[in-house]
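Q: Could you take me through one part of this structure closely, namely how its neighbouring helices pack against each other?

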Amino acid sequence: MATYNFNGNINGPGNFGDNGTINIGQQDGAERTLRLAAELAQWLRAEGAGQDRLAAAQTLHGELEQAGRERRPAEPGVVRRALETITLGLGAGSTGLALAQEITRLLG
């Protein structure tokens, strides 16, 4: 059996994360999520996406923008439906899918 010597503070929190910082909860903020939603809508337009996807992207951006103004979390049902409509049929590894997945991650 091995013996481990620990000379650090055993009463305080552990140093997790980058550079000994503890990151718990959402760190990226609503501004980044809103920016990614705008990029997603722009990408969809550039790719010639159908009207249903463009409308869903507009709905997503609008909900995130309104939630930010009202200082409330975005409505999960609205966000989920919009992202499902947008991502349906997008190819694996596509820019649009990557943006949608990052928005999902940021919103938790």
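A: In this predicted model, helix α2 (residues 51-70) and helix α3 (residues 76-87) have axes that come within 8 Å and cross at roughly 150 degrees, where axes are lines fitted to C-alpha atoms over the stretch in contact and angles run from 0 to 180 degrees between N-to-C directions. That makes α2 roughly antiparallel to α3, a term for angles over 145 degrees. Helices here are DSSP runs (H or I, at least four residues), numbered from the N terminus. Residues are numbered from 1 along each chain as its sequence is written. Because the model is predicted, local features need pLDDT of at least 70 and side-chain atom pairs count only at pLDDT 80 or more, while totals for chains, interfaces and linings use all residues; side-chain values use heavy atoms, with hydrogens and water left out.

The crossing of α2 and α3 is left-handed, meaning that the near helix is turned anticlockwise from the far one by less than a right angle. On the α2 side, Asp52, Arg53, Ala56, Ala57, Thr59, Leu60 and Glu63 meet Val78, Val79, Ala82, Leu83, Thr85 and Ile86 of α3, contact being heavy atoms within 4.5 Å. These residues divide into eight nonpolar, two polar and three charged, where Ala, Val, Leu, Ile, Met, Phe, Trp, Tyr, Cys and Pro count as nonpolar, Asp, Glu, Lys and Arg as charged, and the others, Gly among them, as polar.

Helix α3 also packs with helix α4 (residues 95-107), at an angle of about 165 degrees and with the axes 10 Å apart. That makes α3 roughly antiparallel to α4, and α3 passes α4 in a left-handed crossing. Val79, Leu83 and Thr87 of α3 make this contact with Leu97, Ala100, Ile103, Thr104 and Leu107 of α4, and the residues of the contact divide into six nonpolar, two polar and no charged.

Definitions and conventions: Helices (H or I, at least four residues) and strands (E, at least two) are DSSP runs, numbered from the N terminus. Angles under 35 degrees count as roughly parallel, over 145 as roughly antiparallel, 65 to 115 as roughly perpendicular and the rest as oblique.
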